[in-house]
Each structure stands twice: as C-alpha cells, then as structure tokens.
Amino acid sequence: MYSLSLHFFYPWIYLKKRIFTFCTIETGQFFSSGHTNNWAVLVCTSRFWFNYRHVANTLSVYRSVKRLGIPDSHIVLMLADDMACNYRNPKPATVFSHKNMELNVYGDDVEVDYRGYEVTVENFLRVLTGRLPPSTPRSKRLLSDDRSNILIYLTGHGGNGFLKFQDSEEISNMELADAFEQMWQKRRYNELLFIIDTCQGASMYERFYSPNLMALASSQVGEDSLSHQPDLAIGVHLMDKYTFYLLEFLEEVHPASQANMNDLFKVCPQSQCVSTPGHRTDLFQRNPGSVLITDFFGSVRKVEITKDTINLTSSVKPPIQSIAEHHVLQFVADVSSQNPKQKDWHPPDGFILGLWTLILLVFFQTYGIKHLKHIF
Amino acid sequence: MHFIRQVTTAHSSIITERSNVSSMIKQRCLLPLLSGRSGSCRLCETFTPAPAKDQFQEELVIRPLHSGDIYASFQFRTLWDTDFLQEGQKKVSHYRLFPKSLGQVLSKFSVQELHISFTQGFWRTMQWGQPFIPSPPGAELWVWFHHTVSDVDGNWKELTNVLSGIFCASLNFIDMTNTVQPSASFKPLGLGNATDHRFLRYATLPREIVCTENLTPWKKLLPCGSKAGLAVLMKSEKLFHSSFHSQAVHIRPICQDEQCTSKAWELRQTLNVVFDHYTSGQGKKEWSLFKMFSRTLTEACPLASSSKVYVDITDNPELSPATPLLSQAVVLGDRRTYSVYDLTRAETFGQLRSFNLLLRWKGDNMLRPLLHAERYVAGFGLQTGEIHTVIYNNHPYRAFPVLLMDSVPWYLQLYIHTLTVTSKSRDNKPSYIHYQPAKDRHRPHLLEMLIQLPPHSMTEVTVQFERALLKWTEYTPDPNHGFYVGSSVISALVPSMVAMSTNFTQDQPLFSSFVPVKEESSYFVRVYTEPLLVNLPTPDFSMPYNVICLTCTVVAVGYGSFYNLLTRTFQVDEPSPPLAKRLANFIRRIRGVPLLA
C-alpha cells in the first residue's frame, strides 16, 4: 500500500532515514531546519550577446535547482536577454556551459518568468518584497511565507557596492539590504541564501542587517571575477569561473546528499578561481556545518508518519504542539517582537579623535597656553 | 491503520487536472480494496463517467515548397460542447481535454474569441506561397469580448497580464499605447453576431522573441502533452533552427452542423515551421521525419479521435512508405492532392512500431501567389521619413478590393495630408477610410483603407512622418537598436481559380477548415508585411559625466591660462596676518578690546 500511495507524490520526496526511528526521537531533531517549502529567485542582469556567460550562469543554477526538486512554480527566473534563440547563436535553442557543447543548460523544459526589458531593478525589488500590481500572474510572484527557505542568485556586471542592470541602471547594496529587511518584517522568509557572481561581489552583502541571512560571493572588494573558457564555435565565453565550479559541485549533489554549507564555502578556492570567494554567516542562526545544501537548493519534503487516527470532522482545535516546536515558535515570536535595531551611540573613533587633537595642538602651539587669556 | 500525511504545502501541478478518467477510477477503487476493508467500494459505485462532450483531433501537413524548403504545419483541435459565458448557471469546473487555464481565462474575462500567435521569422510569400495560418513576426493578440462586458479596457489589461504568465512572454507590455480597435479588419472568425468594434482589441509586439520557454507551456496545454501523438516531434532544438517558426492558439465558438442547432467551443493550437536545410546548403531536396525533427512517430495520442499526417504530393515527389489513402482538397485557391497516413491504425507504424516518412522532391513549379505585399521606410536622417507599402495583385484579369490596416506608434507622427495611393502611376482613391490619429503617449495611429486593386498591378501607399524625441526615461536599455513598427495587415477575399467547396463536413482536414468559406469563388487571405525598424533621435547615454569633466577641464585650463596671461599684473603686497590672528582680532573687535599687531 505504501508504494501505491507514494505513487501520488513526486518521486523526489525523500523519507529521511530518521523517520523510521521516529517513534523514539523528539520532534526537535525532526524540525531542525524549520522550513517547509523552498523558493528560488535567479536573476541574470546583463544584456547583449557578449554577456552570454551570465545567462549560462543563471541557467546552470536553474538546472541544478530543478534537478534537486524545486518546481517551476516555485522558481522566479529572470533573464535580461535571450541567448538561446538569438540570431547569433549557431545552435539555436541551446545555451552551453561547457565548451565543445557538452552540456546544454537550457534544456527542453524551461520557463522564464521575467525576460527582456522586464528585468529591471524595480521589478526585482517588487518580486522580493511582494508589492506587485494585482493583475500579476502567479508565476511571476514570490509567494513565500515565514517557513520558506529562499535561494537568491544574482549575476552580471557589478562594482563596489552596486550591480548593473541591463547597462542602464544599478541596484546598490543598501537597497538590497533594505529589501531583505522588508522581507524579514513581512515574514517572507525563514532563511535566505544569497549568492552573487559579479566583480567585487562581496561588497553587495556587506550591508545586510536582517537575521537568518547567509551570503556567498565570487570575489572580494577590489577583485574581479573572471570568466572561464571561451568556445570557438559560439565565439563567446561560456561561463564564469565561480559558477562553473559551483555547477560542478552541484552536479555531485543529489536529493539525499548530506553535503553542508562548509563544503559550499570551499567551492572554487583562489587557485582555481583567481579571485577569492567570500562568505558571510554572522547573521545566520544555525551553524553552517549543520545546514544541508538541499535545504536551499533542493525541495526535500518532510513526511510525518503517525500511528494515531485523526478525526477530521471534529471542531477546530489547535494542533498539539510538541515541546520543541513550541520552543521554535517562541523563539520566532521573540525575534519578531524585538524593536528595530536603533543606531547605538558609539564614542568617536580614532580618526576623529586624532583630527581634533591635531587641530587643538596646532592652535595651542601657535599661541601657547599662557597667551590664551590675553586673546580671549 | 497507517496513513501518510504530507506536512508541507502541495506543488501546483499543471497536469493533475487532466489526468485520465480511467486511471482515476483505478486509483479510487483500488485504495479501499487494498486497505483491507471488504465490500464497500462506495466511490466506485457512484462514479460513472459522463458521456464525453469533447473531442480532440490532431494532424500534421507536410508541404514541400518551391524554394526547396519544407513546410510542416501541426494543428491540434479540441471541440467542447459547453458554454463558458452562460450567466446564472454553475460555472464550468470539470475539464477533461480542454486546458483548465484557458477555460478559466475565457470565463473570467468573458472572451468571445481569442487569437494569440508567437512568430520568429518572416513568411516569404513570393518564395513559399500562402501559409495555412498567417501570422506576423513577434507576438500578436486580438480578442473579441462578449457584448455583456462593461469595462473592456480593464478586462483587456488583466487578460494580457494573465496570458503573459501562461505563455511566459512579456505580453504585459501591451497597454493603451499599442492597442487599437480596428473597425473593419479582424471580424470574428467564429460565431459572432457582435459587429460592434468597441469589443475588439488588437495589439502586436514585434520585438517579442519566441524560444523554448514559450513552447514549453504551449505543449503543456495539449491533452497528451509532448508524450504521445504528433507532439513528440516538437523538439525545440530542431524547431527553432528554422527559417520560420510560429505557434498560435485560436479559441472561438463554432457551429457543429449546417443548421447551427448546437454550438461548441473550438480550441486550435497550430504550429507552423519552415525548415531550410536545402537553402542553407545542408542537404539535397530530400527529407525524412527523422531528419527534420530528430524523432519518429511511435503512436497516436490515445485521447485523439483522429490523428493524421498529410503529405502534399501534387508535384509528384517520391514518397516512402507509400500509402493508398489519397485525398484532394482545395485550399487557398488551389486543388492539391495529399497522401494521408492514419496514425490511429496500427499498420501505419509497421513492424518496427515507428513511422518515419521519406520524401524526395523534384518538382519546380508553384502557383504564383495572387496577393503579396511589402513595406519599407524611405528617406534619410533622423527627422523625417516616409512609409511605403506596396501591394501586388498578380491576378491576370480580375480586380478585387483589399482592406489595409496600419497601426503606427505615436512617436512616428504621421502627416495624413501626405497620404497617397497610386496604382499603375495613377491616383487610386480608397472607397473607405477609417483614421484615428494618435495621442502622444496614449494611443497609436490607426489607418484602415479599402483599396480596389486593378488586375496585374502594383499599388503603392505612401505617407510621410516625423520622428518624435522621447523623454530620456522612455528609451529602452538598448535604444540604438531602433524601434519597431508592427506589420501592416492586408485582408482580402481573393478570387479563386478553382471552385472552393462550401460544404460543411466534420471530416474536413483541419488545415482547410480554419477559415469558414462563405462563397465558392473566393477565399479569404490575410497577408502581413514586414515590421519596420526605425531609428529615433537618441541622446548619447554613454559617459555624460566624463564628457562634462573633460569639457570643463579643457575650458578651464585653456580659457583660464589665456585670461591670466592677458590680465595678470604683479604688485608688492604686505603679507596678511595668519588666520588665527585674524580670528582673535575679530573676537577682540566684538569685545571692544584693542587689536593685536
């Protein structure tokens, strides 16, 4: 009977090994990650044929995320230009990530939600914060809730503190941090993983201040992210180095994999990437070593087996909360009721002190302390 | 009793609504049986499938073209005997073959007729003849709303947004600046007694690209998806590597018999593609299904009542496997012979259970298309220009009228007093003109004219325009590419050399029954011209800061040096006291105390 009932569900629902000893363990261990659904927002911000690699970057992350279980309805894919059916593409309807045309990341089953001129800073921020016009279709919305883990991937051309959209506008790191804070205030995510593959990418996550954010970037401030390899038949660079090695790493991950974030931080060290990838985990509650890759890249569902019969026709009463679940909820309530962080007063730092000391020194040196009473 | 309860929220699935009725019965019946309960299979007893009121047909027409290319046209038709627009009764909720997403769109927005097409490439009429289903490059959407709708513009706006989500296209760029209400073209193709053109909306997006992301949701609307039947041939890598690719959805209400006693809703999904293996130098004039689509057919769609492949053999190509079934049809004013392969019969697939068609083509003659049009921009510079539309009537002795519809965006300001229509270098006055001038940033120009074309002639329509300067926020991110002007539409009833049949039969092949034939002596044709690409005066968006800096530096250094050279004189001056002393003096002056030296 189990096999027939499972037939209803998608094949990548994975019953974790712990379920079979469920009768004896507490729910705290079971709900350790706290999320119930996964979303992904994948954005490519560059236009024009020579930025083929940015579209290939985004599509390779899209492919991995779909392969690990997140359905199209939970992915918002934004591509600023069309490379696959571009007239310059010698093999139409394909986007390759490896030279010699080994891997077509475009595939046969792709749904792009925002394309062409629709990929703007305004639309991106509206998708994140949920402030979309009422007639926007569901596939273009990020309908996450407070138990969603969201993966956000950005790629394109960037600089110190900004990311360029379509060669005509920019998004700054402060705007991004404020958008994430809005998402936190509106309880639109449980945990958020932010990956950016641009030049000086680490500057984009410097200003984050909302909790439960983890960020990865392909290069530090002052460094450029480099592209990987050109394909002579297509005539452009196919991928960026960081995302190329990220794709290779993700190809090894399967829905049952126990790989965690520490492995992801090790992707593409400086010897391979030339730039130094960076990461930021101080705003994240859990230890990165206990966070699975599939918590963000996959859509692993938890199935709870119970031996009790549940009467569905009885009057509505709150479900029995286990102690651990109660703790989790209490923690969420505490965090949410905190006042917004006020800017604490810090004593002036060394530079200001030194400047004023210098000014006063020069002044007293010129006139001498004893002359002061004659002057004033 | 063990249950499995899913803790998480469910996926939204596109396929669950149209799962097979038979498998649903199986699942519902087997569960209680396996659970160990004896006897009561209550679900099975009360569940009797209702008589099917919908049917699905699919067909593929393959036609070798005069230029050596090959034209393949897929048509999938779902007929459903229901009424989406009835008031006061229960809304339609059980969908079987008809896709639920489109059904909900029809009932929510009270749509009488909907036609949407996505095209990549331009149909070359002179080399390829007339297509079965014409379509302009880019995206085109025209909709007739039901006469009970009170706010047509609001419904139109929401409809374009919903369709952009369904088809993964940026149809949300359709707004009042590119929507028109044609008064005479685009009459309803199905049943429609609504001739009030206030309920018609037409818009086109010439810049819209078509790629796999548009094909994927289009394929998911088919009852069998891309898993069985003719749709297995639709592999995007082959379909988009072609000269012309067009996919469309047409929904309209039609009569089911001659007397029109019962009506049904018809959904047609069409996909036209022209493969250019021969003209691009990749091969000889021989094709097979495998070479064109990289797949062969293995079975017909089980939900289809008819599944056929027609191959045009009028020019006597070599065809294998041969088939005794032949059919003749008069389509587009020409009598052509087709070989018919019926995929619902198992012997079509032979022993290998796969059907691959091989065609070797020799013929060279083609019926010259009787109506043909071109369009281009003349003039020089970025201030003014002239739009020329040239319409050719290739009929040797018959003259016929055509309806020309032009929709020009507001930033090309037309001077209608310069409109001239000349045929055979003589003035040709149109018998009907409908012109709606543009309003800046509100609506485009709409020009509709009924022109009588003399036999065997070329008619030229010219109008001058001036290019507007847009505000700097209105430019696209790549303004130097240019701005597109949508295709002109020429609709005509062309006199036919061969008598068309007006008989209404249900067994007509789909490609000949798309446009209803009202009279025997003419057939309806719609010709689209090329879209135009015009450059508007574009400011230089690149590096204004650098330019200002450079200019100011040059001016300051150059002018400043000259000024100093000419006017600077040197004189001895006492050193002024240092700042601290001056500040102390200032404070002393305020106190009234004598100043320092």
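A disulfide is taken here as a pair of cysteine sulfur atoms within 2.5 Å. The model is predicted, so that local features need pLDDT of at least 70 and side-chain atom pairs count only at pLDDT 80 or more, while totals for chains, interfaces and linings use all residues. Residues are numbered from 1 along each chain as its sequence is written, chains are lettered from A in the order in which they are written, and side-chain values use heavy atoms, with hydrogens and water left out.

A search of the whole structure finds 3 disulfides over all chains, listed below.

| Disulfide | S to S | Torsion about S-S |
|---|---|---|
| A:Cys85 and B:Cys211 | 2.1 Å | about 80° |
| A:Cys268 and A:Cys273 | 1.8 Å | 100° |
| B:Cys224 and B:Cys301 | 1.8 Å | about 75° |

The pair of A:Cys85 and B:Cys211 crosses between chains, from the loop between β2 (75-79) and β3 (114-115) of chain A to the loop between β7 (200-205) and α6 (212-220) of chain B, where helices (H or I, at least four residues) and strands (E, at least two) are DSSP runs numbered from the N terminus. A:Cys85, at 5% relative accessibility, counts as buried, and B:Cys211 is buried at 0%; buried means under 20% relative accessible area, exposed over 50%, and partly exposed in between (1.4 Å probe, protein chains only). Both A:Cys268 and A:Cys273 are likewise buried.

By contrast, the sulfur of B:Cys549 lies 7.1 Å from the closest cysteine sulfur, in B:Cys552, which is too far for a bond. B:Cys549 is partly exposed at 32%, and B:Cys552 is partly exposed at 49%.
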